[in-house]
Amino acid sequence: MKKFILLFSILIIGLLSSFSMLQSEIKLLQINAQWNRKNDINLDYLPAFHKNLKIKKDFALLEHQSPDIKKSIKAVPVIILLVDGKQKYQWTANLSFKLNITKEEVQTALNKLVK
């Protein structure tokens, strides 16, 4: 009986750990320039979860990014949706260096990307 309980416990732990590895990592990354910080977006109003997956929200300054990232950003602020570390969607500011993004826009993008 002890062997059965031990074997069953190992099996359950293995299944749970493999299940958690299958879940996607979702991240909303805002990048803005130091000179434009007055136009930062408050990401708190955007969804915190999508289909039981936690959405990590992060901020970075453009000045601290690699040259490749800097070249790819045409206007700030920008919000990038990453799924498992890969860029899937991007919202970019308009000519006034302001970004108007709604919760519904983010939710629509999430619905398309994360099944």
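**Exercise 1. Find the element that holds Q30, and decide whether Q30 is buried or exposed.**

Step 1: Q30 sits in strand 1; strands are DSSP runs of E with at least two residues, helices are runs of H or I with at least four, and both are numbered from the N terminus. You are working with a predicted model, in which local features need pLDDT of at least 70, side-chain atom pairs count only at pLDDT 80 or more, and totals for chains, interfaces and linings use all residues. Residues are numbered from 1 along each chain as its sequence is written, and side-chain values use heavy atoms, with hydrogens and water left out.

Step 2: The relative accessible area of Q30 is 2%, so Q30 is buried (buried means under 20%, exposed over 50%, partly exposed in between, with a 1.4 Å probe and protein chains only).

Step 3: A polar atom of the Q30 side chain lies 2.8 Å from the backbone nitrogen of I41. A polar contact is a pair of N or O atoms within 3.5 Å; within protein, one must be able to donate a hydrogen and the other to accept it, and residues adjacent in sequence count only if both atoms are side-chain atoms.

**Exercise 2. Find the aromatic pairs in the whole structure and classify them.**

Step 1: The search gives two pairs. Rings of Phe, Tyr and Trp (its six-membered ring) pair if their centres lie within 6.5 Å; planes under 30 degrees apart count as stacked, over 60 as edge-to-face and the rest as tilted.

Step 2: W35 and F97 are edge-to-face, at 5.1 Å centre to centre and 85° between the planes. This pair links distant parts of the chain, as W35 and F97 are 62 residues apart. W35 is exposed at 55% relative accessible area, while F97 is partly exposed at 33%.

Step 3: The ring centres of Y89 and W91 are 4.6 Å apart with planes at 50°, so this pair is tilted. Y89 is partly exposed, at 39%, whereas W91 is buried, at 8%.
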